[in-house]
Amino acid sequence: MTFSNDPVLLALALAIPALATLAIAMLGRWPNLREAATLAAAVLLFGAVMALLAHVLSGARPELHLVSVAPGLSLALKIDPLGMLFAAVAATLWIVNSLYSIGYMRGNDEPRQTIFYACFAIAIFATMGLAFSGNLFTLFVFYEVLSLSTYPLVTHKQSPAAMKAGRVYLLTLVGASMVLLLPAIVWTGLAAGTLDFRTGGILAGKLGDGALALLFALFVFGAAKAAVMPLHRWLPAAMVAPTPVSALLHAVAVVKAGVFTILKVAVSVFGIETLSASGASEWLVYVAGFTIVVASVVALQADDLKRRLAYSTIGQLSYIVLAAALASPVAVLGAALHIAAHAVSKITLFFAAGSVYTAEHVTKISQMDGIGRRMPWTMGAFAIGALSMIGLPPTAGFLGKWFILDAATGATNRFAVGVIVVSTVLNAAYFLPILTRAFLRPANGPRQEAPLAMVIALTVTAAGTVLLFLCPGVPFRLASMIMGG
């Protein structure tokens, strides 16, 4: 094990959630202590990640070599601005998700809560490892750990529907990574002679244009967590899980791991200049555009609230994929900002959906008449998250969309511009009716909110959605630094 550039904090970023898993398992008989351990670990991880953030913003790139598996094949960590952004988002949201989970799991008297919190901690451990991966092999290992650790969360209820969803989840994610992602990594190693991530990429001059396009396709569809169609059905199927798990899948870790992988590969394996010059990513503009529009149309027709949010996520993720396909510095900037914006906005929406279910046992949009009058804090937060997903200021969702649209306009890509405009209209069409139904129709019951912990969590993330628009300094600096390493 070798060290450089103050690796202690880097080691802590992995050690804290790993040790939290053990503590949670040992304290399972004492719920208060178990949940205190979860919150304490989340706060400690946040502190470690914020300290690393200060180093990265000052120009440092902490590294930690863990173990050599074979010549030229090692588990190694190295922080770059894109990984730092992803890790900061996940570490921050673990705190509020843990607080929310306490209210939700207790409020709904969910079973197997110790397993829930332990698997959640393992998922955060995998997310940190993936975000800080120094090469493709390390990324692949933590990517698989994330898939396996979240399977028990998807199947938490252990009902026939949950077990079926778990099979779809595991088959799609692990199957795609083994059949597509792993061969892509092997091919890259053979072609480039290395699996290390480097600013500007490692494939320039190594493959022809057609081979580059095929290899990029293997990476895009191999990273099925990004839910690019047709490898998207696992995501709506997984909505059978408890709402805190849905928040983990959509905002904190899983889907972000997919789009992070695609963006990381575009920047640090292919290189934006190589993608642009070769045209290897041009096909992806159309696939991502198709996913955005079709997912938005499906969301428009869904009456189940979590299903509508799930298809919204599929569409919103493909904005990031579309930006990677546009292969320009401005597009990368927009993609990175949208990772952060989507995370804080979508977790707010799922928190609100879970609060509505906990307080009112309502799951259908058609049952939400007047619910904004009965649950003003919850639905007020939902409104902020919805406006952000549409892309309206002063919410964070405006930032990423603006730069992606700017990149599409700068590339004179009329298809991409059209997709963004049409999908924004569709976003409004499937979110605004929820708000009008909730706030403008008569209330049919007394005013009540979900447990306080849940309301605090969703209020914090809703405020964060606005704050990220008003004070985007740190995410913007990290996003601006990506192309320079």
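Residues are numbered from 1 along each chain as its sequence is written, and side-chain values rest on heavy atoms, with hydrogens and water left out. Because the model is predicted, local features need pLDDT of at least 70 and side-chain atom pairs count only at pLDDT 80 or more, while totals for chains, interfaces and linings use all residues.

The buried residues of H7 are Leu212, Leu215, Phe216, Ala217, Leu218, Phe219, Val220, Phe221 and Gly222, with buried meaning under 20% relative accessible area, exposed over 50%, and partly exposed in between, for a 1.4 Å probe and protein chains only. These buried residues pack against helix H5 (136-154), helix H6 (160-192), helix H10 (254-270), helix H11 (272-278) and helix H12 (282-301), contact being defined as heavy atoms within 4.5 Å.

H5, one of those partners of H7, also packs with helix H4 (residues 113-131), at an angle of about 160° and with the axes 8 Å apart. That makes H4 roughly antiparallel to H5, since angles over 145 degrees count as roughly antiparallel, under 35 as roughly parallel, 65 to 115 as roughly perpendicular and the rest as oblique. Axes here are lines fitted to C-alpha atoms, for helices over the stretch in contact, and angles run from 0 to 180 degrees between N-to-C directions. The crossing of H4 and H5 is left-handed, a term used if the near helix is turned anticlockwise from the far one by less than a right angle, with right-handed used if clockwise. On the H4 side the contact includes Phe116, Phe120, Ala123 and Thr127, and on the H5 side it includes Leu139, Phe142, Leu146 and Ser149. By class, this contact of H4 with H5 has 15 nonpolar, 4 polar and no charged residues, where Ala, Val, Leu, Ile, Met, Phe, Trp, Tyr, Cys and Pro count as nonpolar, Asp, Glu, Lys and Arg as charged, and the others, Gly among them, as polar.

H10, another partner of H7, has an axis that comes within 9 Å of the axis of H13 and crosses it at roughly 10°. That makes H10 roughly parallel to H13. Val255, Val259, Ile262, Leu263 and Ala266 in H10 meet Thr313, Leu317, Ile320, Val321 and Ala324 in H13, and the residues of this contact divide into 9 nonpolar, 1 polar and no charged.

Most residues other than glycine have a negative phi, and most peptide bonds are trans. Gln158, in the loop between H5 and H6, has a positive phi of about 55° although it is not a glycine. Ala327, in the loop between helix H13 (305-326) and helix H14 (329-360), likewise has a positive phi, of about 50°, and is buried, with a relative accessible area of 6%. A cis peptide bond joins Met229 and Pro230, with omega about 15°, and Pro230 lies in the loop between H7 and helix H8 (234-237). The peptide bond from Pro393 to Pro394 is also cis, with omega near 5°, and Pro394 lies in the loop between helix H16 (376-390) and helix H17 (397-410).

Two residue pairs relate sequence separation to distance. Val186, in helix H6, is partly exposed at 46% relative accessibility, and its C-alpha atom is separated by 9.2 Å from that of Phe137, 49 residues apart along the chain. Thr409, in helix H17, is partly exposed with a relative accessible area of 46%, and Thr409 and Phe382 are 27 residues apart in sequence and 31 Å apart in space, C-alpha to C-alpha.

Notes:
Helices (H or I, at least four residues) and strands (E, at least two) are DSSP runs, numbered from the N terminus.
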